[in-house]
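Subject: Structure for you to look over

Dear colleague,

I am handing over the structure below, and after it I set out what was found. Please read the notes with the structure open beside them.

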Amino acid sequence: MSQEIIKKIENKKVGEAVELLKVLWAFRLPKHRYRYGQSYLVIRDKRAFLVDAVHSETKEAIKAILEKNNATVVAIILTHGHLIGQLGGTSSEVSSWFNNAPILAHPSDITSANGIQEIIKNMELLSEFNLQFEHFGGHTPGSIIIHYPKEGLVFSGDVAIGSPYDSEDNVLDRPPLQSTDETQVIDMWSNMIFEPNAILPLHGKPVFGEENVKHALVHLVKKDSIMK
Ligand SMILES: [Zn+2]
């Protein structure tokens, strides 16, 4: 199943949407350091949240799916501060594409009054989906991963990076770090209690299926598994 889903994403152009699961869509993002990436949309009972989906390239595809499903975006979650530099407009413009849903990020990555809100102060929006976030740091001081237990999903942002689409591998690598030391990120991943069915990174191939996830996580915490 994993390979089939990955093929579906690979066949899309930048900006286009792929239905990954009944409730989950990915939107192809431009190549970054030789790895294509994706942002994500989850819709449940006509309520939706977006992960890292703030780019102008993907705006129309996201809006089309929301309309088709008659869904309202509740929150636009950023896994880390690098996405603030990739907003396809001002933060209020991006919010206005999606019925003025707030854009949320960890306070450690919000440096100025740019309209991004602290995720910690908006927990009621996350609780609607039973979403949890875990503060990893490492890649940026405020890097988080997002757990969606209902579907067994982990959105890993840039604290775990998928294999390039043109590689045979389907594992996870660690990113170059801006803060903290290597061992902290390795410990965070090693001690993750949640057992996901899928890990959905911002860059590179996602990993689907319990066995594939286990294998990818073993690779992720190896000493030399740093993105080259
Ligand atoms: Zn990043």
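Two strands are said to pair if DSSP finds at least two bridges between them, and it is in this sense that Ile 43 stands opposite Ala 48 in β4. Please keep in mind throughout that this is a predicted model.

To begin with the whole chain, the protein has six helices and 14 strands, and its C-alpha trace spans about 45 × 40 × 30 Å along the principal axes. The radius of gyration is 16 Å, which agrees with the value near 17 Å that a compact globule of 228 residues would have. Of those 228 residues, 46% count as buried, and among contacts between residues at least 6 apart in sequence, 61% join residues at least 24 apart.

The strand to which I would turn next is β3 (residues 35–44), which is mostly covered, nine of its ten residues being buried. On one side β3 is joined in the antiparallel sense to strand β2 (residues 24–32) by seven bridges, with Ala 26 standing opposite Tyr 40. The hairpin of β2 and β3 has two residues between the strands, and Arg 33 takes a positive phi near 50° there. Strand β4 (residues 47–51) also runs antiparallel to β3, to which it is joined by five bridges; these two strands likewise form a hairpin with two residues between them, in whose turn Asp 45 has a positive phi of about 50°.

In soluble globular proteins, nonpolar side chains tend to be buried together.

Helix α1 (residues 2–10) has Ile 5, Ile 6 and Ile 9 buried. These residues cover an arc of only 100° around the axis, so they lie on the same side of α1, whereas Gln 3, Glu 4 and Lys 7 are exposed on the other side. What covers the buried residues of α1 includes β1 (17–21), β2, β3 and β14.

Strand β14 is also part of an open sheet, in which five strands follow the order β8-β9-β10-β13-β14 with mixed pairing. Its edge strands are β8 (132–135) and β14 (207–208), each of which pairs on one side only. Within this sheet, strand β9 (residues 144–148) and strand β10 (residues 153–157) pair in the antiparallel sense over three bridges, and the bridge partner of His 147 in β10 is Val 154.

The C-alpha atoms of Glu 182 and His 139 are separated by 10.0 Å, although the two residues are 43 apart along the chain.

With best wishes

Definitions and conventions. Residues are numbered from 1 along each chain as its sequence is written. This is a predicted model: local features need pLDDT of at least 70, side-chain atom pairs count only at pLDDT 80 or more; totals for chains, interfaces and linings use all residues. Helices (H or I, at least four residues) and strands (E, at least two) are DSSP runs, numbered from the N terminus. The radius of gyration is taken over C-alpha atoms; the globule rule is 2.2 Å times the number of residues to the power 0.38. A residue is buried if 20 or more other C-beta atoms lie within 10 Å of its own, exposed if 12 or fewer, and partly exposed in between; C-beta atoms are placed from the backbone. Two residues are in contact if their C-beta atoms, placed from the backbone, lie within 7 Å. The arc is that of the directions from the helix axis to the C-beta atoms.
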